[in-house]
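Have the sequence and the 3D view open as you read.

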Amino acid sequence: LVAATPYSTLPSVLLVGPSGAGKTALLTLFERGPLATHTQQQQHKDEKQRQLNNTAVALTHTSQAPATVELSVSDDGASSFRDDLDAAGSAHKKFLLVDTPGHAKLRRHALARIQGTTATTAAAVTTTTSSSSSDSSSKSKVKAVVFVVDAAALADGDALPETAGYLYEVLLSLQKRMGAGKGSRAPASVPVLVAANKLDLFTALPAALVRSNLEAELGRIRRTRSRGLLDSGVGADEDVAAAGAAGDESDNWLGEYGSDKFSFKQMLEFDIEVDVVGGNVIGEGPGADRWWRWIAERI
Ligand code: GTP
Ligand code: MG
């Protein structure tokens, strides 16, 4: 069930991705799951559920601050987001689902959490949009990242550089986080689910194409960035300068160092699992169950 004031000790799953991909819509779907079905007859469940979800989803708008809901999965990970585990009295684990704004100027919210900044640092970053729930969830351990992409927008091509650029930031942050643990104990790995959303639209790319297009674009970005490093020493690239790692190219290289093509499998070298799974929040299609199961298995 959903609580307004989540406990800071619960693990969290981050929803990240570009603006308009469907993060808030997905959060709303998972949040309403148990509530929407609670009072309904079993045989009308699916249809009613869809109507309710469509109504809820239609009300989303561009997010300006992170939002958090508390959700539960059963201990065996086999429950649906439609199940009300509290009411059923079955054994379950709670976690926080954290929605982050996708707008380029607000991505620090998501990136700060991924980098595992301390609560005080994260709080300092979010002072302008302080909300009690986002403050408490920033202390919670990130267990997994769900990177939501608009598979229909990716078909046009314009959205690809923008989407891949943000994914590059996310993956490189996770990679550096793993590298920083060298010598002492490596931090727990954080798996990434690329949720290829909006598969209800006939223009949407299938998950396999979302995967290969993103891999190709990430490879292109990697090549461009490494060239920038070589040309200017200290990069004109903001991120290189910010990392203070001018000259140390291997630290800023995503995936297998020196490789020609990028693939998500290369992230396994840093113990980072990346899966691409298609689905949709509204309309007819594969739905959101496979994403829910992916999350449930990692909580
Ligand atoms: P920001 O808050 O700006 O980062 O965007 P967001 O990722 O939270 O996007 P949001 O959830 O607000 O969804 C953007 C639009 O996409 C909304 O109009 C949703 O109704 C629509 N949308 C979300 N999921 C789906 C889907 O599966 N299919 C279709 N057709 N539309 C969807
Ligand atoms: Mg949103």
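## Before you start

Everything here comes from a predicted model, where local features need pLDDT of at least 70, side-chain atom pairs count only at pLDDT 80 or more, and totals for chains, interfaces and linings use all residues. Residues are numbered from 1 along each chain as its sequence is written, while chains are lettered from A and ligands numbered from 1 in the order in which they are written.

## The overall picture

The protein chain holds ten helices and six strands. Those labels are DSSP runs, numbered from the N terminus: H or I with at least four residues for helices, E with at least two for strands. Of its 299 residues, 40% count as buried. Buried takes 20 or more other C-beta atoms within 10 Å of the residue's own, exposed means 12 or fewer, and partly exposed is in between, with C-beta atoms placed from the backbone.

Among contacts in the chain with a separation of 6 or more, 74% involve residues 24 or more positions apart.

## The sheet

Strands of a sheet pair through backbone hydrogen bonds, either parallel or antiparallel. Here, six strands make an open sheet with mixed pairing, in the order β2-β3-β1-β4-β5-β6. At the edges sit β2 (67-74) and β6 (274-278), each pairing on one side only. Pairing requires that DSSP finds at least two bridges between two strands. On average, neighbouring strands are turned by 25 degrees against each other, direction ignored.

Which residues of α10 (residues 289-298) are buried? They are W291, W292, I295 and A296. These four are on the same side of α10 because they cover an arc of only 135 degrees around the axis, an arc taken from the directions from the helix axis to the C-beta atoms.

The largest nonpolar core has 68 residues, and V145 is one of those with the most contacts inside it, as are L14 and V194. A core is a set of buried Ala, Val, Leu, Ile, Met, Phe, Trp, Tyr and Cys residues joined through C-beta atoms within 7 Å. Helix α7 (residues 159-180) gives the most to this core, with nine residues. Leaving aside neighbours within four places in sequence, V194 contacts F147, V149, L214, V274, D275 and V276.

Most residues other than glycine have a negative phi. K198, however, has a positive phi of about 70 degrees; K198 is in the loop between β5 and α8 (207-232), and it counts as buried because it has 28 C-beta neighbours inside 10 Å. D271 also shows a positive phi, near 65 degrees. D271 lies in the loop between α9 (238-243) and β6 and is partly exposed, with 16 other C-beta atoms within 10 Å.

H103 belongs to the loop between β3 (92-99) and α4 (108-114). Leaving aside neighbours within four places in sequence, H103 contacts S19 and T62. The C-alpha atoms of H103 and T62 are 8.1 Å apart, though 41 residues separate the two along the chain.

Conventions
Two residues are in contact if their C-beta atoms, placed from the backbone, lie within 7 Å. Axes are lines fitted to C-alpha atoms, for helices over the stretch in contact, and angles run from 0 to 180 degrees between N-to-C directions.
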